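Biologist: Let us go through the labels used for this model and set each against its cut-off.

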Amino acid sequence: KTTMYPYIYGLYQMMGTFMWRGCEKDNYESEGVLRELFGLLEIDNDELRDFIKGKKHWNQMLWKTRKEMSAIVYGEF
């Protein structure tokens, strides 16, 4: 964990936090990378499936769901 921390933290800084993503101002364009990423994973979550299909925006999902998805990518650091 100590060895990988700088790399994981750098990835976090480059991609930005998953807790807030997408807004009307950019026509939710920044959600695209998350839809693509989570579309590749087999995660059993109805709310996430709605997001992937474009039925829901990232910031409309439960905080708990966003936090879980962030932990999948970045780990719990």
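Biologist: How do you know that phenylalanine 51 and tryptophan 58 are buried?

Modeller: Buried means under 20% relative accessible area, exposed over 50% and partly exposed in between, with a 1.4 Å probe and protein chains only; both phenylalanine 51 and tryptophan 58 count as buried. This is a predicted model, in which local features need pLDDT of at least 70 and side-chain atom pairs pLDDT 80 or more, while totals for chains, interfaces and linings use all residues. Residues are numbered from 1 along each chain as its sequence is written, and side-chain values use heavy atoms, without hydrogens and water.

Biologist: Why is the pair of phenylalanine 51 and tryptophan 58 called edge-to-face?

Modeller: Rings of Phe, Tyr and Trp (its six-membered ring) pair if their centres lie within 6.5 Å; planes under 30 degrees apart count as stacked, over 60 as edge-to-face and the rest as tilted. Phenylalanine 51 and tryptophan 58 are 5.1 Å apart centre to centre, with 65° between the planes, so the pair is edge-to-face.

Biologist: What makes arginine 35 count as lying over the face of phenylalanine 51?

Modeller: The test asks for NZ of Lys or CZ of Arg within 6 Å of the ring centre and within 35 degrees of the ring normal. Arginine 35 lies over the face at 4.4 Å from the ring centre.

Biologist: Which residues make up the largest nonpolar core, and why is it called a core?

Modeller: The 7 residues are Leu34, Phe38, Leu48, Phe51, Trp58, Met61 and Met69. The term covers buried Ala, Val, Leu, Ile, Met, Phe, Trp, Tyr and Cys residues joined through side-chain atoms within 4.5 Å, which is why this set is a core. H2 and H3 are the elements that give two or more residues to this core.

Biologist: Why is leucine 40 called exposed?

Modeller: Leucine 40, found in helix H2, has 69% relative accessibility and therefore counts as exposed.

Biologist: Why does arginine 21 count as buried?

Modeller: Its relative accessibility is 12%, so arginine 21 counts as buried. Arginine 21 sits in the loop between helix H1 (5–15) and H2.

Note on methods: Helix = DSSP H or I, 4+ residues; strand = E, 2+ residues; numbered from the N terminus.
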